[in-house]
Amino acid sequence: DTPINLNAGLEPYDLLFDNAVEAYYKGDWISVILNMERALRNKGTVRRVRAHCRLSCANQTDFGEPVPGVGVPIPGSGSVEDLSFFQKILKRADCVNSCEGEKLGHPSLHKISEAVELEFRKRTPYNYLQVAYFKINKLDKAVAAAHTFYQANPDHLEMRQNLDYYRMMAGVKETDFKDLEARPHMEEFLEGKRLYSADDFAPSVDHFEGAVTEYFSADLECRALCEGAYDYDGYNYLEYSADLFQAMTDHYIQVLNCKQNCVVDLATLPGSDKTVEDFLPSHFNYLQFSYYNAENYEKAIECSKTYLLFHPEDEVMVQNLAFYSATLGEDKAAGITAREVVQQYIKQSLLEKELLYFAYEVFGITFVDPDKWTPTDVMPLKLREKQKVERETAARITEEIGNLMKEIETLVEEKNKDSGELSKVVREGGSVLYDDITVTMTSKSLNGSQRVVLDNVITEDECRELHRLSNTAAMMGDGYRGKPSPHSPSEMFQGVTVLKALKLGQEGKVPLKSARLFFELSEKVRKVLESYFRLETPLYFSYTHLVCRSAIDEKQEGREDLSHPVHADNCLLVSELNECIKEPPAYTHRDYSAILYLNDDFEGGNFLFSELDAKTVTAVVRPQCGRVVGFGAGKENPHGVKAVTKGQRCAVALWFTLDPRHTEKERIQAEDLLKMFSSPLDAEFQRSPSEPKPKPVQSDQPATETAEQPIPEPGKQAAKPKQKSAEKADGKQKVKQSDKAKAKAAEKKDKPAAKKNADAKKDKPPVKKAAADKSGGGGGGGSVAKATDTKQRPKAKSSEPHKDSQERRTEASSAADSEKDKDEL
Ligand SMILES: O=C(O)CCC(=O)C(=O)O
Ligand SMILES: [Fe+3]
């Protein structure tokens, strides 16, 4: 019989995905929606059918009973028993195949490439959907899609901006921000936790119970899905040759490993790779305390006993249980047992671990136990010892490597001291890449190192266009116009970044062409510098600023200050000590600087290099259109600008870094914006949410400062409004968490003595009370705690059981992040 129905196949979701993407580039939004929604639905169906078929076939053809028809096994002859075993295997395969074939069509239909799977894991379909819904004005759906995508891509700047944008739109409700991929067990758990933290215990019970039920059904599905094809990862297909039993073993152990890892999969928080530690057991910890507060002692006992299945030696839980039992009555309490599902779950999981450890010992197939609760003796002694030795060796090697690195560092430092200056001089002087550009002065003629003056880098026309751009932007922009210079009260200062210029261009306030020119010319300078200084690794933009300084005529008399005091760009110059300290708030990651001058029709304003004393001038450069002064951003190049006594002096100041982690975020945004302008499809979309791209902005972009200025202007210090508001949009949760972390830190600082006590209480709330009641009551444990007593107990404010370390880490890091933000400001 052929169980597979070739006709009634479910449309494969990779095909639907491709269709949707194709439709997207044609601007056929309805087709995008139809195909993408169907792709998501079909993916869900494939998942459900696979799990269902494997589970129901396991029920129909389990390996427990002998198969009728094969006969009673003959003692001593293995082969008939073997046949009976393999017959079951064959039956199971047949069952699963026909079950899946009936519902999905031929299995080859649903072989999906890893690339497409990855797109779905990254929730890319929602990025496309977001735009399509937006285009046809289905705002609620657009918002949900955007929110869903953002959950899995929290670093996606554009989507964050889109969400901010949606939030401001009329007709968008808070409830529209739905996570369409939320998993029921996690949703229930998080809701339970939220209520629990608010002392809403009765409703929290419902959610934690819901979470437990959903957990086991998700676990069942996850495990069933593990029974897929053998993953040859690490094996060479061609070389892999195993006999029947080895092949079965390899595959089966892989399946078991996968099943054990469902713990991790289920504990993963939405949109991150962070997991809730000790996830399943913690449900029963929350439950026992919630039930206790709801005065349901039977259930409190049941849940404590269940928790103790995982952690039998947990002292606090043992005490809680004693307290609950005393309250309810010992006899009654003795009759309450831990939950059966959990008993079964643990039994099965432990058996799996045993098999996995066996395979580890015998075949060397690695197994890393994801659970915290596994009793130590489940791991074979030999393995335990081996791991101990390995850990010790690893620690020793790490230490040795650390020492070696230190030695090398010292050696390198010493060597650099000797030859640094020399090698740098020798190294500079590479090609300037363009025929027109001339090298006017070198380090030698500038009396220093890592210095250059180039001419004809840009044309007269280009100078004029950028000069005009600066003035128009200052007029149109926010707040620069008429602002006193941060460096001198006798001058006015105006500045615009590439991104700001592009945005003004987008809004039609400055010519888009000029903004683009600004972007392109800054790139030209970057390339030329990289080549001239013969850098072995790329230069990245750290900050780009088109700046004009204008003399205030009535404030020139008796003027003695500089337009820009002598400083170095990546360290704090302490001229009294002839030192430059490379520490924040200096922009320590800046490695090279360049100033591209745009005009010379002003008085004063010469650029100067000096010694570390900030007095001895070593070279002077007169600005003029198309001239670039480029130099190393460190202590070797203290520099400043002489007073501009008449007219306006304009220049593009550029700072670069060799460390890609410090690439300017604004630059990336600017690039994206430019890309958007150049795509014809987007011409009419310029002011609406940004488009998903086949390759969305890398989500693992390291955090870098958004806007930086050489010296922050007082009024302009909030130069990060975008980030701030985006953070808010990111979820109040986060803000609250970091506040909490700060409060916690403050608390710790203030009263170190109180801390221990508070923490102890917090971890396992009722125990302290129970103990206090017992001693206070004086009598036998059983009769002490009455219902009325319970009522008087202080509310368990700080009562979260097991503040898991994962969360602690999250809090700590967000606190650290906000610390960092502060520094950068
Ligand atoms: O405008 C100039 O010539 C130099 C400016 C400067 O050094 C700076 O902004 O850090
Ligand atoms: Fe500077």
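The torsion about the S-S bond of Cys222 and Cys262 is about -90 degrees, which means that this disulfide is left-handed. The two residues belong to separate helices, Cys222 to helix H9 (residues 201-225) and Cys262 to helix H11 (residues 262-267), so the bond ties together parts that are 40 residues apart in sequence. The model is predicted, and the structure holds seven disulfides. An iron ion (ligand 2) is also present, with His567, Asp569 and His639 as its protein donors.

**Overall architecture**

- The secondary structure of the protein chain consists of 28 helices and 14 strands.
- Of the 825 residues in the protein chain, 46% are buried.
- When contacts between residues at least 6 apart in sequence are considered, 76% of them join residues at least 24 apart.

**The disulfide of Cys222 and Cys262**

- The sulfur atoms of Cys222 and Cys262 lie 2.0 Å apart.
- Cys222 has a relative accessible area of 11% and is therefore buried, the cut-off being under 20%.
- Cys262 likewise counts as buried, because its relative accessibility is 0%.

- Cys53 and Cys99 form a disulfide in which the sulfur atoms are 1.9 Å apart.
- This pair links distant parts of the chain, with Cys53 in helix H2 (residues 29-60) and Cys99 in helix H3 (residues 78-104), 46 residues apart.
- The link of Cys53 and Cys99 is left-handed, with -75 degrees about the S-S bond.
- Cys53 counts as buried because its relative accessibility is 0%, and Cys99 is buried with a relative accessible area of 11%.
- A further disulfide joins Cys57 to Cys95, with an S to S distance of 2.0 Å.
- Cys57 lies in helix H2 and Cys95 in helix H3, so this bond ties together parts that are 38 residues apart in sequence.
- The link of Cys57 and Cys95 is left-handed, with -85 degrees about the S-S bond.
- Cys57 counts as buried at 0% relative accessibility, and Cys95 counts as buried at 13%.

**A further buried cysteine**

- Cys303 has a relative accessible area of 0%, so this residue is buried.

**The iron site**

- Along the chain, the donors of the iron ion (ligand 2) follow the spacing H-x1-D-x69-H.
- His567 lies in strand E5 (residues 564-567) and His639 in strand E13 (residues 639-641), so the pair ties together parts that are 72 residues apart in sequence.
- Both His567 and His639 are buried.

Terms used
Residues numbered from 1 in each chain as written. Chains lettered and ligands numbered in written order. Predicted model: local features only at pLDDT ≥ 70, side-chain atom pairs only at ≥ 80, totals over all residues. Heavy atoms only, no water. Helix = DSSP H or I, 4+ residues; strand = E, 2+ residues; numbered from the N terminus. Buried < 20%, exposed > 50% of the residue type's maximum accessible area, 1.4 Å probe, protein only. Contact = heavy atoms within 4.5 Å. Disulfide = S-S within 2.5 Å. Donors = N, O, S within 2.8 Å, 3.2 Å for Na, K, Ca; no water.
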